[in-house]
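Have a look at the structure first, then read on.

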Amino acid sequence: MNVPAPHDDIAKAIRDALLPQRFPVRRDVELGAGTAQEKEAVSFHDTVWLGHHFLAVAAVRVKRGGIGGALAAAALRQLLRAALSVTPTPEAALAACEEICATPGFDAAVLRLDLVTGAVESATRGQARIETTRHGEGGRLSPGEIVWLGAGDVPLPAELTPPVEGPEGLVQPAIARAGGGSAAALLYKAHGRAAGSSTFAVPNDAGAIPGVLAQIDAFCARHAIAREDVEGIDVAVDEVLSNAIAYAFRDGHAHEIFVTSTAEPGRLVIEISDDGVPFDPLAVPPPDLSADLEARQVGGLGMHFVRNLLDDVAYKRVNGWNVLTLRKRVGEARKGESSS
């Protein structure tokens, strides 16, 4: 006998599906966001990448509860994503949503940011607000500036200064005090690069490593970095990822490791970030190469090779992430080093 699922359970499943994927680790921007659900409304937040270096962020509250509100919120999310991709401004996107959407009412705060220049455009509807620390001028954000987006009954933090845990530390206390709604805090860290940087997520599965190496190889080809200049980089990345996959995650769950490749003048930089247990691979002492293999410390030999293959290796623990940065001189910088 088939028993229909309770409507409340279906509504909750739809609301849960509105939660976006984890925001990627980036050098140029950080994001913290959250929702506080209420009986008579459905709230969500969302991020949309509009091309290589344009990011849209939204905090939305649909003024309807139950399964009808959940369905209306899901439809509005898809409509807003589509509108942002084909309209020139957030204002135009929200106007299109109001014209098309059958939802009786919604609160929304939407922002569109050019990560390369810091240029920002925004729009709100209903009970929503967008606040910034206003360091920038002429519609541009300055590095270190924070933008707050809130929809519904989410209080604005007393001060838009991120605690040590980043924007998430601003949002979660506000969500805990909220009667309902959604909020997002965006920290603009630095001017990005239109084509000089690429970030992708990798599952904590050793079978994914060859795909990572192929992506790095393709990145080098796009930026005219000669193979001989980055000889050994594949071995180094393989070693670092293998260590992270084998030792960083003790909960047995699926995780993502973020790999960022950046082409700087005379240098290739690869940053590998994981949210596993704290571990500094550079703290492993150099191996005693005269000792028997059985006597050598685990991991020491691999990191010994990594240090010798690259020009610089640095580790830091940031906001719950292990971040290992690999640097390799390329092109004329490498030739100058070889001739000196």
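Let's start with a term: a contact here means heavy atoms within 4.5 Å. Among contacts in the protein chain between residues at least 6 apart in sequence, 64% join residues at least 24 apart.

Some ground rules. This is a predicted model, where local features need pLDDT of at least 70 and side-chain atom pairs count only at pLDDT 80 or more, while totals for chains, interfaces and linings use all residues. Residues are numbered from 1 along each chain as its sequence is written, and side-chain values use heavy atoms, with hydrogens and water left out.

**The overall picture**

The protein chain has eight helices and 13 strands; these are DSSP runs numbered from the N terminus, with helices being H or I of at least four residues and strands being E of at least two. Of its 340 residues, 45% count as buried. Buried means under 20% relative accessible area, exposed means over 50%, and partly exposed is in between (1.4 Å probe, protein chains only). The accessible surface of the chain comes to about 16600 Å², and 53% of that belongs to carbon and sulfur atoms. Those areas come from the Shrake-Rupley method with a 1.4 Å probe, and for residues only the protein chains shown count as cover.

**Helices**

Helix α6 covers residues 233-247, and its 15 residues reach 21 Å from first C-alpha to last, close to the 21 Å expected at 1.5 Å a residue. That expected span is 1.5 Å times one less than the number of residues. Which residues of α6 are buried? They are Ile233, Ala236, Val237, Val240, Leu241, Asn243, Ala244 and Ile245. An α-helix has 3.6 residues a turn, so residues three or four places apart point the same way.

The partner to look at is helix α5 (residues 209-222), whose axis comes within 10 Å of that of α6, the two crossing at roughly 145°. Axes are lines fitted to C-alpha atoms, for helices over the stretch in contact, and angles run from 0 to 180 degrees between N-to-C directions. On the α5 side, Ile209, Val212, Leu213 and Ile216 meet Asp234, Val237, Asp238, Leu241, Ser242 and Ile245 of α6.

The loop between α5 and α6 holds Ala224. Phi of Ala224 is near 55°, a positive value in a residue other than glycine. Most residues other than glycine have a negative phi. Ala224 is also exposed, at 71% relative accessible area.

Helix α4 (residues 168-177) has Gly169, Leu170, Val171, Ala174 and Ile175 as its buried residues. They pack against β1, β7 (145-153) and β8 (180-188).

**Salt bridges**

How many salt bridges does a search of the whole structure find? It finds 15, taking a salt bridge as a side-chain nitrogen of Lys or Arg within 4 Å of a carboxyl oxygen of Asp or Glu. Here are three of them:

| Pair | N to O distance |
|---|---|
| Asp28 and Arg26 | 2.9 Å |
| Glu38 and Arg61 | 2.8 Å |
| Asp46 and Arg77 | 3.4 Å |

Asp46 sits in strand β2 and Arg77 in helix α2 (residues 66-86), so this pair ties together parts 31 residues apart in sequence. Both Asp46 and Arg77 are buried.

Glu38 is partly exposed at 24% relative accessible area, whereas Arg61 counts as buried at 13%. A network of salt bridges links Glu38, Arg61, Lys63 and Asp107.

Asp28 lies in the loop between α1 (7-17) and β1. Asp28 counts as buried because its relative accessibility is 7%, and Arg26 is buried too. Neighbours within four places aside, Asp28 is in contact with Leu115, Leu187, Tyr188, Lys189, Ala190 and Gly192.

**Two more spots**

Gly65 is in the loop between β3 and α2. Its C-alpha atom is 6.1 Å from that of Val42, 23 residues away along the chain.

Asn322 belongs to strand β13 (residues 321-329) and is buried, with a relative accessible area of 4%. The C-alpha atoms of Asn322 and Ser273 are separated by 5.5 Å, though the two are 49 residues apart along the chain.
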